[in-house]
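This report describes how two protein chains are arranged and how they meet. Please look at the sequence and the structure first.

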Number of protein chains: 2
Amino acid sequence: MRKRTLTVALAMTLAGGAAHADEGMWMPSQLPQLAAQLQAAGFKGDPAQLADVTKPPLAAVVSLGGCTASFVSPEGLVVTNHHCAMGAIQLNSTAEKNLIQDGFIAATRADEVSAGPASRIWVTVGFDKITDRILTDAKGKTGRAYYDAVDAAKKTAVAECEADAGHRCSVADMYYGSDFYLIKQLELKDIRLVYAPPRAIGNYGDEIDNFMWPRHTGDFTFYRAYVGKDGKPAAYSKDNVPYAPPAHLTVSTAPVKAGDFAMLAGYPGRTFRHRTASEFAGQIDWLLPTRVAMYDGLIDTVEQASAGSKAKQVAYASSVAGYKNTLKRAQGELEGLRRSDAVRVRREDEAAMLAWLGKQPGAKAKLAGIRAMQAELDADDANRERDFILPFLRPGLLGSAVTLQRLALERGKPDAQRETGFQQRDEALIEGGLKQLQRRYDPEVEKATLRYALKRYFALPAGQRVAEFDAVFGSNEAEAAQRLDALYAGTRLGDEATRLDALKLDASAFAASDDALLKAAATLQPALLRLEAEAKQRAGELLRLRPAYMQALIAYRNSQGRAVYPDANSTLRISYGKVSPLSPRDGMDYRPLTTVAGIVEKATGVEPFDAPKPLLDAIAKGDFGSTADPELKTQTVDFMTNLDTTGGNSGSPVLDAQGKLIGLNFDSNWEAVSASWMFDPRYKRAIHVDMRYLRWLLAKVYPAPHLLQEMQLPAE
Amino acid sequence: MRKRTLTVALAMTLAGGAAHADEGMWMPSQLPQLAAQLQAAGFKGDPAQLADVTKPPLAAVVSLGGCTASFVSPEGLVVTNHHCAMGAIQLNSTAEKNLIQDGFIAATRADEVSAGPASRIWVTVGFDKITDRILTDAKGKTGRAYYDAVDAAKKTAVAECEADAGHRCSVADMYYGSDFYLIKQLELKDIRLVYAPPRAIGNYGDEIDNFMWPRHTGDFTFYRAYVGKDGKPAAYSKDNVPYAPPAHLTVSTAPVKAGDFAMLAGYPGRTFRHRTASEFAGQIDWLLPTRVAMYDGLIDTVEQASAGSKAKQVAYASSVAGYKNTLKRAQGELEGLRRSDAVRVRREDEAAMLAWLGKQPGAKAKLAGIRAMQAELDADDANRERDFILPFLRPGLLGSAVTLQRLALERGKPDAQRETGFQQRDEALIEGGLKQLQRRYDPEVEKATLRYALKRYFALPAGQRVAEFDAVFGSNEAEAAQRLDALYAGTRLGDEATRLDALKLDASAFAASDDALLKAAATLQPALLRLEAEAKQRAGELLRLRPAYMQALIAYRNSQGRAVYPDANSTLRISYGKVSPLSPRDGMDYRPLTTVAGIVEKATGVEPFDAPKPLLDAIAKGDFGSTADPELKTQTVDFMTNLDTTGGNSGSPVLDAQGKLIGLNFDSNWEAVSASWMFDPRYKRAIHVDMRYLRWLLAKVYPAPHLLQEMQLPAE
């Protein structure tokens, strides 16, 4: 019985015995201790070399903020995903010269165009453990005080580090409050667009193929980083010179095939794999189904409220698309976590850990620490229905009233003490949001979504109701409907100029306002501040208490000869594994490599499957030169590995056993959407552009011989 | 370049060189000449044995009329598909005892229930070439006279053959008028239901999984044939005894795996593979796209016309479902034939044949014969737009007026001379249709569909317009809309009693009627009769002329060492090939066997994926006994072969190299929908229930140990 057998195998893998080699987003400093596993998996380089972020290959792997990229020449040439460079491509497009549609090839350095003043490349130059420094002041404290002490220590460390001009620093929390690392990054500010394929290559398949395999997308783009003549980071200037990176990757000219060793470095965003069994259960048994039901109903509500009105439909199109995306993702996570039987697997794993811990020295104190953390999590859960629904009670225009009110409050403080998101530097963003609302708001639709959310609010257990919300919305649906009509009839915030004028009001002016929505926001504010303070108090407690759990987990895994990586937090990580097929379900296999035949199969001439004629012609011609796959006798396009990735790994370089660049990560498969919580080796795959496809496009389809030469690659 | 390479390979396969072993629906008499190929493919039996329809194994393979079945015990036990036995299962279901939902197991022979008075099993007992006899009178004739001479000779042969009581006979046209075979079948009339799994096994996945792989359907049911005590066919009677068939199949107890030899016998309905290149082009470039556009618009039209009215929607639900099915099938055929580049492949094949023929003795006369046929086909094509659209101009109520009028005309003739479909034996069916219309008709919706079809009619080239249709509907859309309003306002046929009364009227009563629709039908009748006569004239000419083309094709194939099977025509055929995976598109593979894990994966608890609890429990228990697959270590469900099948092959036994029963054919894959026109070995697969799944269900899930015993199979 396949399902049972595999689930047991998975549980064994997670709960004990040898680690499966494929899971793990390792910190560079962990690689030396994984030397034996890395070499057993096929890595031919020196694992110690992987530990130093200032040496190759890691020094070549950079962050774009939300995406990863890598240097591929000594002259600052950078390769990343097309979708990561979309902003820069869009910025340089005009009606006459549409780089999105037609692609872009800078024939010379002088033709390279700015990716925009906000474009950045961050090169990690320091990655050092500073746990003691961060926790010294926090020791002995609890709750909010613990939180504030850690926060203050982090801010001091960052300020000190950033005194080195041209650098951005941050403190990363590893293992949930157990360890803290100071991350120092060189901040390159003059980024230029060098080469982009047409959209119909770079984003072939678009939303339809998103998360899907087999895939046929050429999701890559080249940038170049420039610096001042002094070699230091500088804003765009014609006089700047190409940046000489500390290291660059060599593009492989060897074939890629199933089973080959593969390794990936990048900046994965966020995972939750080391959360407790109760948090897994909360996610799978409660949060995800609740989110699915909520968004399902919300989509219906907006669609019904805007039926028959083109204007309302247009106003809410972007919101509905967002809701649908959230819904699809939640459904995918739920489906995947249920398929992996994640609640049971994690619960059995945790039970085994606790049983083991009970036999260790000092077991009593350790178990007590874990019980204290569990009590805090349970307390958190007590109000989860309320905490879930309240954000839905301040949509659109009402939300802007709440924001305006809060900004007026924060403005009364010195800037450094203002709440994050309400500092001087945030005001432009707030103003943008107030303007954007004009095209995304309709009072009838907003009232409908509020009536929908309030129905759920009124169904809360009495203990979870909030007096201030009751005061504004009444105590039942009928009352709420009347109150909402009065609120929206009695506000002038729907007028953009009025809304923007309110940006300038101070707290006393708000107190005196007779605008119905501003008055409602004033009623709600004490509740929101109170709930926020409670949340910070609990966050502080969990920051203090979680390390006991994490230390137990690490010790338990170590006792089985396994290392533990920290959950992802946008810092530089490495994962390794192999080029892998996938059996997504009974009776079906996905091959690990796709070929240009699939581009032709999918081609309809209609976006997103409007493969460009030069590409189709080149495929028909069949002249693949040195980039043809020796076994498949054709040109490959994308390939799949079992590498451990998540959002933020877009653009990550995929390296072979020699550390040469064989692919660019750009997506995961649908079956792996749930991997942010659980890595299930049966289903977790990462999807990459094959560098051979990139090379072929540069050699034969949209030629850029000078770039091939710069990367020391064959001309064809 | 995969696409090009494979297409060339396919063209080579079709156009010359060695035949690929997998294509072919062979007449039994052809098997001895294929002995070498059969043995090379892995068949271990004596090919000569396969030629005799009265000996095993063919004598065990029977027709249900539209489906195939086979005897699996000496006591008349028959196995076929669940969907082929659906009528019998439904007939025996009541609200209290729902055999569809719960399945059925007759514990003893006495519990076996009648499959209904219309249920039949036909055992082929004769399959003899009578070409000379059929064509003697036709020689020297042309057109309609040729048609009538062949028709008369066929009727005489059938009447003579059916003089042997208990038999049904027919004359089958092989190779399009080249050869004629007299098929003699024993007609068994007392058929009883023995065993049926619940719908959620027998039709697991229903429409969603239809045409799909991977598949997990247990599509089987057992019947038993009974005869009178004298051993002769007899209508149902308690005193009847099980029929002792001339042969029965032995169910295999060996495993099935990829690459294994497989063979299938059955009654495939209709294929068009030996049609000419111009007919392929007409189908792919014109008919299928025209059908897709027509039905697409028709669905829209009906949906718009019935929007907002539950009653109209219900009335047209079944019609719309039918249109959607037609549309889906046409889209699938078009997609498949384009993917196979069928027009080009067939055109190149035909050109090569003609080139070869040009070098043969008597080439001039042969080529002239083929040109004459081509001229007739071209003449046929001249009015194809008209011939396509006219049937849409007599829907529902107007159609019933046309039918009533025609019946009155035919009734004026001796029954034997009446048109097929209007003989005495057809009158009950016509009456049923007139009654059924009551629940499937709405005047506004019918007028909308007529307006839609007339728009296309009015767009016909002037030469294709028909005067009588113009007289009824006017000459443009505006006129037509008025005429339609008048027609439907001026008819009483919408009333069921009036419609049924009209069944009794004779031609003169019709002539005197002032009912607007009956008057319209009277106006149309001369046109319909004239077009019908023209069609028969052309059919006669094609019957006379096509053999020249078929003989050339057969001679050309023979010159390459290849035999040619006749296109399918519901007569007994054999195909052979192997258990085969499929690569439906780039980067994806379908495994040839599915397992019970897939049932669990698909199970949602909701129809059609409401796997019964006893099944899920048995899967979870994992006790598969002797039916487990030795390699997969679990229970298989369905498997896939590259056998050549089409509609009518449902229920066909799939045999292994020893002639033992390993599966029941029940479906094809979506990629093979186009196989009725072209067998593309890359995509043509047939889908079968694995007999091991059937055995496991009978042994462990819904037990029927007595049936296992009767088939001499292990109890578990």
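The sections below cover the model, the symmetry, the interface and some backbone features.

## Basis of the model

This is a predicted model, in which local features need pLDDT of at least 70, side-chain atom pairs count only at pLDDT 80 or more, and totals for chains, interfaces and linings use all residues. Residues are numbered from 1 along each chain as its sequence is written, chains are lettered from A and ligands numbered from 1 in the order in which they are written, and side-chain values use heavy atoms, with hydrogens and water left out.

## Symmetry

Chain A is superposed on chain B by a rotation of 180° with 0.0 Å of shift along the axis, at an RMSD of 0.1 Å (least squares on the C-alpha atoms of residues with pLDDT of at least 70 in both copies). This is the relation of a two-fold axis. Within chain A, the C-alpha nearest the axis belongs to Asp589(A), at 2.5 Å.

## The interface

Two salt bridges are found across the interface of chain A and chain B (a side-chain nitrogen of Lys or Arg within 4 Å of a carboxyl oxygen of Asp or Glu). In a salt bridge, the side chain of Arg591(A) meets that of Asp589(B), at 2.7 Å from N to O.

E15(A) pairs with strand E15 (residues 588–590) of chain B in the antiparallel sense over three bridges (pairing needs at least two DSSP bridges between two strands). Here Met588(A) stands opposite Tyr590(B).

## Backbone features

Most residues other than glycine have a negative phi, and most peptide bonds are trans. Pro56(A) and Pro57(A) are joined by a cis peptide bond, with omega about 0°. The peptide bond from Trp213(A) to Pro214(A) is also cis, with omega near 0°.

Asp341(B), which is not a glycine, has a positive phi of about 55°. Asp341(B) lies in the loop between helix H10 (310–339) and helix H11 (342–357) of chain B.

Technical notes
Helices (H or I, at least four residues) and strands (E, at least two) are DSSP runs, numbered from the N terminus.
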